[in-house]
Amino acid sequence: MFLRVARHTDNLEKIENFYVNILGFEQLGGFENHNNYDGIFIGKPGLDWHFEFTQSHEKAEHHFDQDDVIVLYPKSIEDYNRLISSLLKNNISSITANNPFWNENGKMFLDPDGYRIVISPLKAEISEID
């Protein structure tokens, strides 16, 4: 199974800068004027998921709350420190998460559209629920 997380934005250039130049993802592809949409695919080559961001003449209408979060787990503490440093160097301040778990286990930031991103040094653990 492949996963694409698609989101409309009014700031395609700022979104690309944030996810590519600051967080270190890569632009995997893109398109212009496809049914009046421009878009970019952002992720890492060879993975089964990526983000798609689109922009059109219609204004993006974002509806989210404080617990809607994208969590990124860097593979090493060095990668974690590099990401935090990159965010702070680009004047992107951390914010307090609504869920105290993320304050104890990472740092939360806002992307250019106001969506919450957590950078956590913990490794994701998935367990089956009986």
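So, helix H1, residues 12-22, lies across E1, E2, E3 and strand E4 (49-55). Contact here means heavy atoms within 4.5 Å, and the helices (H or I, at least four residues) and strands (E, at least two) are DSSP runs, numbered from the N terminus. H1 runs at about 5° to E3; axes are lines fitted to C-alpha atoms, for helices over the stretch in contact, and angles go from 0 to 180 degrees between N-to-C directions.

Quick caveat: this is a predicted model, where local features need pLDDT of at least 70 and side-chain atom pairs count only at pLDDT 80 or more, while totals for chains, interfaces and linings use all residues. Residues are numbered from 1 along each chain as its sequence is written, and side-chain values use heavy atoms, with hydrogens and water left out.

Now, what order do the 4 strands of that open sheet take? They go E1-E4-E3-E2, with mixed pairing; two strands pair if DSSP finds at least two bridges between them. At the edges sit E1 (3-8) and E2 (26-34), each pairing on one side only. Neighbouring strands are turned by 20° against each other on average, ignoring direction. E2 and E3 (37-43) run antiparallel, joined by 6 bridges, and glutamine 27 stands opposite isoleucine 42 in E3.

On to the other sheet, also open: 3 strands, ordered E5-E7-E6, again mixed. E5 (69-72) and E6 (107-110) are its edge strands, and the twist averages 25° from one strand to the next. E5 pairs with E7 (116-119) in the parallel sense over 4 bridges, where valine 71 has valine 118 in E7 as its bridge partner. Helix H2 (77-89) lies across E6 and E7, at about 40° to E6.
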